[in-house]
Amino acid sequence: MAGPDLALLLSALAMLLLRAAGLLVAGALRPEHPLVAWAAAVSQATLAAFVALAIGAPGGAAAGCRWRHGWPGWRSVC
């Protein structure tokens, strides 16, 4: 497995573990609790950052592909 792919996999697993821990903590707290609101905001910001990076600087399997616009939308020409 290539370095960037391994880094992505490890990052995804770390986020999954953090999400599971957050669900356990949130289960004990009320939805109005400030910690729950903060965790939700951080989670959404992290997801937005990863999506922006994936679109702006694709790596791994998508790095060698060219994207063309055609019907019904964007398609890969690998």
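Predicted model: local features only at pLDDT ≥ 70, side-chain atom pairs only at ≥ 80, totals over all residues.
A pocket is here an open set of points on a 1 Å grid over the protein atoms alone, with protein on both sides within 12 Å along at least five of seven lines, and lining residues have an atom within 4 Å of a point. The lining comprises 21 residues, with Met 15, Leu 18, Arg 19, Ala 39 and Ser 43 nearest the pocket centre. Two or more lining residues come from each of α1 (3-28) and α2 (34-56). By class, 17 lining residues are nonpolar, three polar and one charged; Ala, Val, Leu, Ile, Met, Phe, Trp, Tyr, Cys and Pro count as nonpolar, Asp, Glu, Lys and Arg as charged, and the others, Gly among them, as polar.

The protein contains two helices and two strands, arranged along the sequence as α-α-β-β. These elements are DSSP runs numbered from the N terminus (helices: H or I, at least four residues; strands: E, at least two). Of the 78 residues, 4% are buried. Leu 13, in helix α1, is partly exposed, at 41% relative accessible area. Buried denotes under 20% relative accessible area, exposed over 50%, and partly exposed the range in between (1.4 Å probe, protein chains only).

Residues are numbered from 1 along each chain as its sequence is written. Local features need pLDDT of at least 70, side-chain atom pairs count only at pLDDT 80 or more, totals for chains, interfaces and linings use all residues, and side-chain values use heavy atoms, with hydrogens and water left out.

Conventions:
1 Å grid on protein atoms, 1.4 Å probe; cavity = no way out; pocket = protein on both sides within 12 Å on 5 of 7 lines; lining within 4 Å.
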